[in-house]
Amino acid sequence: MTAPIIVTLTVNGEPVSQAVEPRLTLVDFLREAIGLKGTHVGCEHGVCGACTLRLDGVTVRGCLTLAVQCEGATVETIEGMTESGAMKDLQDEFVERNALQCGYCTPGMLMSAAELLERNAMPSREEIREQLSGNYCRCTGYQAIVDAIETTARKRGALGR
Amino acid sequence: MRLKPRAFEYVRARSLQDVFSVLDAHGDEAKILAGGQSLVPALNLRLAAPEIVVDVSAVEALSGITVVDDVLRIGAMSRYIEVATSDLVARHAPMIARAIPYIAHTAIRNRGTFGGSLCNADPASELPACALALKAVFNISSSAGERKIAASDFFLGTYTTALEPNEVLVSVEVPLTGPGSLFYFDEVARRQGDYAMAGLAARAEVRGGVLADARLVFFAVSDMPLAASAASALLEGKAPGSFDAEVVCEALAQTIVPLEDLTTSSATKLHLMKVLTRRALTDFAGKEA
Ligand SMILES: Cc1cc2nc3c(=O)[nH]c(=O)nc-3n(C[C@H](O)[C@H](O)[C@H](O)COP(=O)(O)OP(=O)(O)OC[C@H]3O[C@@H](n4cnc5c(N)ncnc54)[C@H](O)[C@@H]3O)c2cc1C
Ligand code: FES
Ligand code: FES
């Protein structure tokens with residue numbers, strides 16, 4: 001029935017197995033069931049991008065994915081990506097450029113930006129803005145965020161990464 | 001405020017049989033879950049409150065993009081990202097590859113599915129218009145058997161299709177683009193990823209130097225994708241650069257009254273339809289050679 005279902009997945013490299021209600025979204029599972037609060041929640045219907053995280057290597061909306069859909073899946077959150085250092089340069093550039101103020105949008109922004117740079121090593125500002133169309137920031141006005149992503153791409157290019 | 005769906009039961013189907021048994025037992029109290037990019041927001045907002053949700057993502061029969069004889073078959077569960085990056089789609093149905101980047105945002109395209117978009121039948125959606133313009137055929141199954149429906153019979157209204165509650169969309173077949181095929185796809189939206197204020201999926205073939213089988217299909221202007229047949233008929237038998245776009249635009253104005261929505265009036269939508277039509281015809285004329 002609507003009774004909990006056991007779901008087994010990998011979160012930031014660690015195996016996790018828990019009984020969850022089918023209606024529990026992935027972002028609520030991460031935040032409330034396992035205490036990883038780095039992934040934020042805003043609109044809860046897919047519009048704002050605050051809940052953006054990685055599922056099986058690609059970004060998804062944590063609010064539009066049910067935890068029960070993640071059986072056998074690999075989830076990476078901002079905590080895991082920070083710990084591994086996978087986007088340290090991008091994070092440093094966000095700080096350098098003041099690309100965050102309140103920080104509410106930042107984990108989702110970083111997830112979207114990191115994916116863009118993986119798929120397109122030297123995106124134009126236009127392409128960066130297109131990618132960020134799914135991530136709302138109510139503080140910075142985006143200019144600094146676009147700058148930070150563009151600069152990261154240039155620096156990686158110069159380093160041959 | 002926190003949003004939370006009403007409680008429901010969840011089943012992960014392994015086969016079409018599994019899906020049928022849930023649908024047969026629960027009727028319209030059951031909902032198919034594909035990419036979830038329309039269903040989960042509806043659950044969160046309690047616009048949908050099914051008793052049971054059947055996840056079809058692991059059903060083999062719904063996956064895959066293949067060429068079978070003279071059609072391109074796209075499995076209903078193919079995610080947008082897969083369709084947008086498929087060589088077969090790029091070669092045989094380039095309009096679809098062109099249309100997908102207009103849908104939503106990357107994280108939603110990583111998850112949303114081709115079949116989910118068609119079954120959701122949002123009148124502002126890109127893919128239903130492509131399906132109609134390309135004369136796609138829908139393969140539908142239930143415990144009672146299989147049937148095929150033409151795109152022109154599939155869409156019945158806003159969020160309404162010819163699917164019965166016990167039926168599953170399995171795949172969609174698109175006739176292969178032949179030599180001499182022209183297509184044009186464009187939309188006007190306020191921001192990247194927003195639903196269109198008006199959009200156009202147009203296709204035609206050049207045979208013996210003149211246009212044949214021309215179809216202008218508009219979206220976000222009616223309660224379903226709208227084939228502008230009077231305007232399309234004006235293109236038949238004419239060389240691509242040889243006619244006056246204003247005559248075609250006039251035919252649109254004479255035959256179509258767009259449905260206004262919350263943000264865009266009927267007059268604005270008609271204006272945008274004309275803008276898109278001029279762009280399409282200019283594009284076709286440039287490909288004359
Ligand atoms: C912020 C945001 C912006 C968006 N912008 C756009 C946009 O610009 N253009 C656009 O077209 N869409 C847009 N969408 C919607 C998105 O494209 C959805 O992914 C798509 O409409 C549904 O596909 P899905 O696989 O996610 O389906 P789901 O949400 O899983 O299902 C949608 C509906 O179809 C039914 N269904 C799904 N698969 C089948 C099947 N095989 N057989 C029978 N029934 C089935 C489900 O029961 C449900 O009723 C947007 C969504 C969001 C959240
Ligand atoms: S909380 Fe998921 S997109 Fe806003
Ligand atoms: S920094 Fe406040 S919302 Fe982006």
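**A first look around**

Guide: Leaving out neighbours within four places in sequence, B:Ile65 is in contact with B:Leu72, B:Arg73, B:Ile74, B:Ser78, B:Glu82, B:Val83, B:Ser86, B:Leu88 and B:Val89. Contact means heavy atoms within 4.5 Å.

Visitor: Before we go on, what kind of model is this?
Guide: It is a predicted model, where local features need pLDDT of at least 70, side-chain atom pairs count only at pLDDT 80 or more, and totals for chains, interfaces and linings use all residues. Residues are numbered from 1 along each chain as its sequence is written, chains are lettered from A and ligands numbered from 1 in the order in which they are written, and side-chain values use heavy atoms, with hydrogens and water left out.

Visitor: Back to B:Ile65. Where is its place in chain B?
Guide: B:Ile65 sits in strand 4 of chain B, residues 65-68. Helices (H or I, at least four residues) and strands (E, at least two) are DSSP runs, numbered from the N terminus.

Visitor: Is B:Ile65 buried or exposed?
Guide: Buried, because its relative accessible area is 17%. The cut-offs are under 20% for buried, over 50% for exposed, and partly exposed in between (1.4 Å probe, protein chains only).

Visitor: How far apart are B:Ile65 and B:Met77?
Guide: In sequence, twelve residues; in space, 9.9 Å from C-alpha to C-alpha.

Visitor: New topic. How many residues does the contact take from chain B and from chain A?
Guide: Chain B gives 31 residues and chain A gives 35. About 2700 Å² is buried between the two chains, with 54% from carbon and sulfur atoms. Buried area is the accessible area (1.4 Å probe) that two parts lose on being put together, summed over both. In chain B, the residues losing the most area to chain A are B:Arg2, B:Tyr10 and B:Arg111, together 19% of what that side buries.

Visitor: Which elements of chain B give two or more residues to the side that touches chain A?
Guide: Strand 1 (9-12), helix 2 (39-44) and helix 6 (106-109) of chain B.

Visitor: What does the side chain of B:Gln37 reach in chain A?
Guide: The backbone oxygen of A:Leu64, at 3.4 Å. A polar atom of the B:Gln37 side chain also lies 3.0 Å from the backbone oxygen of B:Gly35. B:Gln37 is in the loop between strand 2 (30-33) and helix 2 of chain B. B:Gln37 counts as buried because its relative accessibility is 14%.

Visitor: How is chain A divided?
Guide: Into domain 1 (5-81) and domain 2 (87-159). Those bounds come from an automatic or database domain assignment. The C-alpha centres of the two domains of chain A lie 22 Å apart. Their contact takes 18 residues from domain 1 and 16 residues from domain 2. The two domains bury about 1400 Å² between them, 55% of it on carbon and sulfur atoms.

Visitor: How many salt bridges cross that interface of domain 1 and domain 2 of chain A?
Guide: One, by the rule. A:Glu118 also has a salt bridge with A:Arg54, with the closest N and O atoms 2.8 Å apart.

Visitor: And over all chains, how many salt bridges?
Guide: A search of the whole structure finds 23. Among them, A:Glu150 pairs with A:Arg125, closest N and O atoms 2.7 Å apart. That pair links distant parts of the chain: A:Glu150 is in helix 6 (residues 143-158), A:Arg125 in helix 5 (residues 125-132), 25 residues apart.

Visitor: Which residues in chain B are linked in a network of salt bridges?
Guide: B:Lys135, B:Arg203, B:Glu205, B:Arg207, B:Asp213 and B:Arg215.

Conventions:
A salt bridge is a side-chain nitrogen of Lys or Arg within 4 Å of a carboxyl oxygen of Asp or Glu. A polar contact is a pair of N or O atoms within 3.5 Å; within protein, one must be able to donate a hydrogen and the other to accept it, and residues adjacent in sequence count only if both atoms are side-chain atoms.
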